[in-house]
Amino acid sequence: NGLDLGKTNSGLLQTFKVPSDSQLFRAGVYLAKIGEPSDLYVSIYKMGDDGPEVQVSGFTIDHRTVGPTYEWYEDNLNGAMLYKAETYCIRFSCDEDENNYYVFRYDSNMGYANGIAMVDKVETMFADSDMLFRIGRELP
């Protein structure tokens with residue numbers, strides 16, 4: 001199962017909560033590419049009432065490092081604090097091109113209970129699914 005980014009969706013995000021106050025050091029996503037899309041921007045945001053509100057951290061994945069088969073792509077973050085009482089999201093964006101785009105794997109069994117996958121910020125929820133992502137954290 002896959003959601004495209006860049007072909008029909010200009011942005012994807014997955015909301016999440018942390019079980020305790022934590023520092024954020026690493027994030028990753030399970031994806032593949034079709035053609036030669038632009039670089040992929042990965043951002044961590046604190047969610048507000050209308051969607052992503054405050055950027056907490058982020059990094060860029062060079063499109064040349066992503067292959068045509070699904071793999072994990074990860075990078076380091078800035079060690080920002082995430083708080084148990086807040087909801088966050090990992091957001092992905094790139095230039096739109098119907099022939100060159102990314103495909104993200106998702107779990108249609110909603111394997112992650114504390115979040116939901118969304119496309120184009122919060123305009124459309126991708127019901128009953130979770131994107132496959134990793135968060136590397138360290139307890140304070």
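Predicted model: local features only at pLDDT ≥ 70, side-chain atom pairs only at ≥ 80, totals over all residues.
1. Residues are numbered from 1 along each chain as its sequence is written, and side-chain values use heavy atoms, with hydrogens and water left out.

2. One of the bridges joins E74 and R26, with 3.0 Å from N to O. E74 sits in strand β6 (residues 71–76) and R26 in strand β3, so this pair ties together parts that are 48 residues apart in sequence. E74 is partly exposed at 29% relative accessibility, and R26 is partly exposed too, at 32%. For these labels, buried means under 20% relative accessible area, exposed means over 50%, and partly exposed is in between (1.4 Å probe, protein chains only).

3. K46 pairs with E53, their closest N and O atoms being 3.0 Å apart. K46 comes out as partly exposed at 23%, and E53 as partly exposed at 49%. Another bridge links E36 to K33, at 3.2 Å between the closest N and O atoms. Is K33 buried or exposed? K33 is buried, because its relative accessible area is 8%.

4. K46 has a further partner to look at. E86, in the loop between β7 (81–82) and β8, is in contact with K17 and K46 once neighbours within four places in sequence are set aside; contact here means heavy atoms within 4.5 Å. E86 and K46 are 40 residues apart in sequence, yet their C-alpha atoms are 7.1 Å apart in space. E86 itself is partly exposed, at 28%.

5. Now the overall fold. Of its 140 residues, 44% are buried. Looking at contacts between residues at least 6 apart in sequence, 78% join residues at least 24 apart.

6. What does the largest nonpolar core look like? It has 27 residues, and those with the most contacts inside it include L5, L31, F92 and F104. Strands β1 (2–5), β2 (11–16), β3 (22–34), β4, β5 (51–61), β8 (88–93) and β9 (101–107) each supply at least two of its residues, with β3 giving the largest share, four. Such a core is a set of buried Ala, Val, Leu, Ile, Met, Phe, Trp, Tyr and Cys residues joined through side-chain atoms within 4.5 Å. In soluble globular proteins, nonpolar side chains tend to be buried together.

7. L5 is worth a click in the viewer. Leaving out residues up to four places away in sequence, L5 touches L12, L40, F92, C94 and Y102, among others.

8. S43 is in strand β4 (residues 40–48) and counts as buried at 12%. Among the residues S43 touches, beyond those up to four places away in sequence, are Q55, C89 and R91.

9. Last, the cysteines. C89 is buried at 0% relative accessibility, and C94 is buried at 8%.

Note on methods:
Salt bridge = Lys/Arg side-chain N within 4 Å of Asp/Glu carboxyl O.
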